Amino acid sequence: MGNALTQKILITLGFLFAYRVLAYIPTPGVDLGVIKEFFDSNSSNALGMMNMFSGNAVSRLSIISLGIMPYITASIVMELLAATFPGLGQMKKERDGMQKYMQIIRYFTIFITVVQAIGVSMGLQSMTGRAGQSAVMIDPMMFTVLTTFSMLTGTMLLMWIGEQITQKGIGNGISLIIFAGIVSGLPAAIGNTIRSVNAGEMNFLLVLAILAIMLITILAIIYVELGERRVPISYSRKTIMQNQTKRVMNYIPVKVNLSGVIPPIFASAVLMFPLTVLQASTNPWVTAIADTLAPGGIVFNIATFILVMFFAFFYASIAFNAKDIADNLKRQGGFIPGVRPGEHTREFLNEVASRLTGSGAVYLAIISTVPFAIISGMGASFYFGGVSVLIIVQVALDTMRKIEAQRTMGQYDTLGNVGL
């Protein structure tokens, strides 16, 4: 089993390496010098946030500049539709139906990617460098076609890589892609900060304050993410006798943050979709709207706060199914002390989950907005937000849990073979 775990880790690292290679393949027909000039002056706005999630692929105008966000946006829409229309929700629960459900998400991802790629190509055609040179070096129509197909190919490759990691590697593939993209930008951010301090552009005390905020954010995330409410479970004497050779869990762990890292990722995807399209326009009114929605602004932070709260409640209602847990407990002869089995157990678990989800949603919303607002107010020259730290910490914890679970399974298999 140790060899199997090592193989899964190597497969995961191999696919993540392929993802990083794709980030260095530029879209045909662009002047990368003009692109670099533009992104150097827009590192702290919406483009900076998009660049962070894509692992600096946007600043290089790579074929994966749109990242995995179109797929996440499509998944959001399908989750909302599945919660609204019972037929679609039932399709998701069936094995054959789940394949159709995922296929619909892929088709919708293609549509979103094409729309965003066309918007990016139109925006690039109006972009010029300091010397007046155009960012596009070929025929505009041909450039739009090439950009659309290149970015569509890149997003489809990322989607495939994510699915392969989930099926054959360790951890959630989509989350690991976003994790790798954010982490890949840390060395450059550290290097830029050191250069700014050496050049006198940033005060050393300011850097220490930023580091303190980052550390406090990380500690708060770890503290809450490891927190859980353990609902005690008792079993009938008959059940205990039948399972006397097995380990019977005597509690139900209900996490404080039931929805995990999904709400901040969903909120970022929802906000980045209109920002990508709006950035393509040169209309003064549209530009003003884009500036209003830019990260760091009051409107952006309020929108992020509301969206994170909404998705936290929405996804927690999907992730935690009290009815299924209550039914399984009843079948296994288990019950919560002081609570009658069946419907009363379901109501009790729903009440516990609702209280925890309320606290978890507020925690996610604060983490997603407050650190970035404070650091932006300090004049940091790079994009840093609680969302990025939250993703890094949560994905790292989740991956560690899955590696530990694989190791535990390997130990049980070894003991079983010895017994034989």
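Which backbone nitrogen does a side-chain oxygen of Asn172 reach at the start of H8? The first close-up has the answer. The model is predicted, so local features need pLDDT of at least 70 and side-chain atom pairs count only at pLDDT 80 or more, while totals for chains, interfaces and linings use all residues. Residues are numbered from 1 along each chain as its sequence is written, and side-chain values use heavy atoms, with hydrogens and water left out.

**View 1. Helix H8 and its start.** At the start of H8, a side-chain oxygen of Asn172 comes to within 3.1 Å of the backbone nitrogen of Ile174. Helix H8 runs over residues 173-184; helices here are DSSP runs (H or I, at least four residues), numbered from the N terminus. Its twelve residues reach 16 Å from first C-alpha to last, close to the 16 Å expected at 1.5 Å a residue (that is, 1.5 Å times one less than the number of residues). H8 is mostly covered, with nine of the twelve residues buried; buried means under 20% relative accessible area, exposed over 50%, and partly exposed in between (1.4 Å probe, protein chains only). Among the buried ones are Gly173, Ile174 and Leu176.

View 2. Take a look at Ile298, Ile302, Phe305, Ile306, Val362, Ile366, Val370 and Ile374: together they make a nonpolar surface patch of about 680 Å². Helix H14 (298-319) and helix H16 (343-377) are the elements that give two or more residues to it. Patch residues have over 30% relative accessible area and no salt bridge (a Lys or Arg side-chain nitrogen within 4 Å of an Asp or Glu carboxyl oxygen), and nonpolar side chains are joined within 5 Å, like charges within 9 Å. Phe305, found in helix H14, is partly exposed at 32% relative accessible area.

View 3. Aromatic rings pair if their centres lie within 6.5 Å; planes under 30 degrees apart count as stacked, over 60 as edge-to-face and the rest as tilted. The count comes to four aromatic pairs. One of them is Phe15 with Trp160, edge-to-face at 5.6 Å centre to centre and 80° between the planes. Phe15 sits in helix H1 and Trp160 in helix H7, 145 residues apart. Phe15 is buried at 18% relative accessibility, whereas Trp160 is partly exposed at 43%.

View 4. Phe310 and Phe314 are stacked, 6.0 Å centre to centre with 10° between the planes. They are four residues apart in helix H14, so about one helical turn separates them. Phe310 is partly exposed at 42%, but Phe314 is buried at 12%. Ring pairs link Phe310, Phe311 and Phe314 into a cluster.

Terms used
Polar contact = N/O pair within 3.5 Å; in protein donor to acceptor, adjacent residues only side chain to side chain. Areas by Shrake-Rupley, 256 points an atom, 1.4 Å probe, with all protein chains shown as cover.
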